[in-house]
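Okay, everyone, let me share my screen. I'll walk you through one structure and stop at a few residues along the way.

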Amino acid sequence: MARIPQQVIDDIRDRTNIVDVIGQYVQLKKSGNKNYTGLCPFHNEKSPSFSVVEDKQFYHCFGCGKGGNVFSFIQEIDGLSFPEAVMKVADLQNLAIDPKYRQQNVANEQYTKQNDLLELHQKASEVYHHMLIHTEIGQEAYDYLLKRGLTKELIETFQIGFAPNQRAFLERIFKNESLNEKEFVRSGLFVEREDGSLSDRFYQRIMFPITNAQGNVIGFSGRLLKTKEFPGENQPKYLNSPETDLFNKREVLFNFDKARPSIRKEGTVFLFEGFMDVLAAWQAEVKNGIASMGTSLTNQQITLLERTASEVVVCYDGDTAGVEATNRAITLLQENSQLKTTIISMPEKLDPDEYVRKYGTDAFHELAYHGRVTPFSFKMKYRRKDRNLANEKEQVDYLNDLLQDLLQVDSLLEQDRYLTQLSTEFQISRETLQQQLKELKQKQRQAQKKPQQNRQRKQSIEHVYTQPVSQEKKTQIEKAEELLLNRLFNEASLNRRFKTMEISFVHDKYQEIYVLFDTYIENEGEFELAKFLDFLHEQSLKNLVIDIASLNVPEESTEHELQDLTKILRSWQLVENIKMKKIQQQEASQQGNQQLELELAVEIVNLTKQLKQAN
């Protein structure tokens with residue numbers, strides 16, 4: 001099987017900014033002039049230890065040690081082979097690539113099936129959209145959308161379509177297009193009858209394409225369009241694609257691909273219940289809105305948001321079901337993420353779409369950006385539900401519940417404000433409330449301490465019975481070797497000078513890296529770290545090179561530093577040589593070879609003089 005030419009690989013890497021690609025998976029913040037930091041996607045952490053170096057086009061996590069260039073990142077995070085990663089990077093950056101390389105290198109069975117499924121969904125999206133915009137059959141659906149306040153531009157942007165009331169419509173088109181019939185059933189676009197024949201899953205529905213993070217259509221949500229001819233009795237209002245190889249509703253967020261630029265810019269994401277709410281918000285210039293797929297928010301979706309945003313604004317419907325969903329979302333976010341959470345409580349039991357239609361886009365934009373409340377403010381209102389606060393017992397229960405909620409508030413300023421507010425409303429001394437909160441905090445700490453002690457005890461036992469994995473502190477010579485390699489990587493002229501010194505690295509691993517580095521320079525003419533990582537084959541060497549490249553040292557070396565580094569290397573070599581000669585001298589003495597013993601003594605004296613001169 002032919003390989004992707006190195007020139008093609010180099011061209012894709014050179015035209016790709018690693019920050020843009022990794023930024024689609026990790027929320028990156030600029031740190032200094034050239035570095036970006038974020039939470040590592042490869043292990044769980046609270047404080048960011050993941051670094052992306054833009055000018056050298058590599059990433060490195062100081063926590064778990066993973067690192068590499070843009071291709072190795074995609075390989076690691078998506079579980080792809082190297083050729084697949086190259087193609088994925090090209091796709092992410094919208095870089096054209098000769099199809100023959102894609103077919104020859106990435107056309108394994110799984111990849112081909114996925115491509116076929118994507119092709120089916122893309123064709124379905126195009127057909128549905130055409131039916132809505134350009135046919136008489138779709139006119140009623142089109143008029144309905146316009147009445148709902150959607151504009152032609154919005155319909156085009158989201159490629160909204162219409163599936164006509166025909167059960168063999170899509171299958172007929174797919175066959176005419178000679179698409180892969182083997183994948184029809186797996187696509188989820190059809191329902192298989194008992195006799196093996198197929199019928200369209202979606203009919204008489206307004207179709208909302210669901211896209212993945214790369215903007216590819218992977219499923220649909222169809223909204224029933226009731227008419228006189230089709231009253232739609234016993235039909236669900238919304239029908240989503242079933243779970244497929246492309247579509248997992250627990251992992252997908254509607255509009256995430258279009259919202260991502262705005263989410264990154266503002267650091268904020270708006271979480272809505274329905275697709276129409278997302279569209280209404282988009283018209284109100286709130287373009288960082290997303291919706292979960294007809295289910296409660298999931299941990300997988302939270303992880304996706306954490307990589308992109310720092311704050312989530314929950315904007316669910318104002319009715320009873322929406323309020324309950326908001327409460328569940330707050331709990332889930334507080335327990336499973338570091339995201340700052342705020343809430344928009346929709347007035348008059350309206351949903352965002354209804355609010356926009358009733359009060360206009362400007363009013364919703366104002367509410368979205370200036371009508372947010374904290375989770376605790378929401379809880380204060382939520383916990384009043386179905387309670388008679390004139391009753392003393394219910395009042396005490398209410399306050400106890402709120403003090404438990406107050407444990408989730410980290411800001412002392414907020415805590416102080418809410419305690420004062422509760423004290424005033426319920427005529428209870430602030431000191432009493434504060435004392436009660438203090439006791440609850442102590443109980444919480446004790447409850448958290450117990451499993452932590454158990455974990456520590458378990459780790460202690462494991463430490464006795466297992467070989468501990470730890471990194472030994474680097475010696476002075478290892479530090480010198482790494483610093484010298486770092487300088488060689490970054491200063492082109494230094495290698496020519498180093499070669500004339502007739503010095504080698506003491507440790508084999510550093511000598512091996514230097515030999516590979518020198519070979520690479522001979523072939524390429526100049527050093528490029530991201531490309532050098534592809535040149536290396538062993539992952540252990542790649543990791544070591546990344547560690548060396550990530551050293552926190554001044555950008556440029558000094559003559560004094562170089563003299564010190566070469567002096568350390570020379571001295572170490574002399575010391576090792578003296579040790580070896582002394583062993584040989586001892587062996588000569590034991591064998592009674594006085595001539596050799598004398599010659600070695602002279603060599604040891606000369607080497608010792610050289611060592612003194614070197615120091």
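Let's start with Asn212, which touches Ile218 and Asp257, not counting residues up to four places away in sequence. By contact I mean heavy atoms within 4.5 Å. Before I go on: this is a predicted model, so local features need pLDDT of at least 70, side-chain atom pairs count only at pLDDT 80 or more, and totals for chains, interfaces and linings use all residues. Residues are numbered from 1 along each chain as its sequence is written, and side-chain values use heavy atoms, with hydrogens and water left out.

Back to Asn212. You'll find Asn212 in the loop between β9 (205–211) and β10 (217–224). Those labels come from DSSP runs, numbered from the N terminus: helices are H or I with at least four residues, strands are E with at least two. Is Asn212 buried or exposed? Asn212 counts as buried, because its relative accessibility is 19%, and buried means under 20% relative accessible area, while exposed is over 50% and partly exposed is in between (1.4 Å probe, protein chains only). The side chain of Asn212 also reaches the backbone nitrogen of Asn216 at 2.9 Å. That's a polar contact, meaning a pair of N or O atoms within 3.5 Å; within protein, one must be able to donate a hydrogen and the other to accept it, and residues adjacent in sequence count only if both atoms are side-chain atoms.

Now another asparagine. Asn255 sits in the loop between β12 (253–254) and α10 (256–266), and Asn255 is buried, with a relative accessible area of 3%. What does its side chain reach at 2.8 Å? The side chain of Asn255 reaches the backbone oxygen of Gly289. Leaving aside neighbours within four places in sequence, Asn255 is in contact with several residues, including Phe158, Trp282 and Ile290. The C-alpha atoms of Asn255 and Lys443 are separated by 43 Å, with the two residues 188 apart along the chain.

A lysine can be covered too. Lys531, in helix α23 (residues 529–535), is buried at a relative accessible area of 13%. Its side chain makes a polar contact with the side chain of Glu524, at 2.9 Å. Setting aside neighbours within four places in sequence, Lys531 is in contact with Asp10, Arg13, Tyr520 and Glu524.

On to a couple of helices. Helix α4 (residues 82–92) is mostly covered, with 8 of its 11 residues buried; among them are Glu84, Lys88 and Leu92. After α4 comes Asn94, with a positive phi near 55°. In helix α7 (residues 139–147), the buried residues are Ala141, Tyr142 and Leu145. Looking down the axis of α7, those buried residues fall within an arc of 100°, so they line one face of the helix. That arc is taken from the directions from the helix axis to the C-beta atoms. Why does that kind of spacing work? An α-helix has 3.6 residues a turn, so residues three or four places apart point the same way.

Phi deserves a word. Most residues other than glycine have a negative phi. Ser178, though, has a positive phi near 55°; it sits in the loop between α9 (169–176) and β7 (190–192) and is exposed, at 65% relative accessible area. Glu348 also has a positive phi, near 60°. Glu348 lies in the loop between β16 (340–343) and α14 (352–359), and is partly exposed at 47%.

What about the core? The largest nonpolar core has 63 residues, of which Tyr128, Leu132, Ile160, Phe174, Leu189 and Phe364 touch the most other members. A nonpolar core here is a set of buried Ala, Val, Leu, Ile, Met, Phe, Trp, Tyr and Cys residues joined through side-chain atoms within 4.5 Å. Helix α6 (residues 109–134) gives the most to this core, 9 residues. A second, separate core of 33 residues includes Leu483, Met501, Ile521 and Ala549.

Last, zoom out. The chain has 26 helices and 16 strands. Its radius of gyration is 33 Å, well over the 25 Å that the globule rule gives for 615 residues, so the chain is more spread out than a compact globule. That radius is taken over C-alpha atoms, and the rule is 2.2 Å times the number of residues to the power 0.38. Along its principal axes, the C-alpha trace spans about 115 × 75 × 45 Å.
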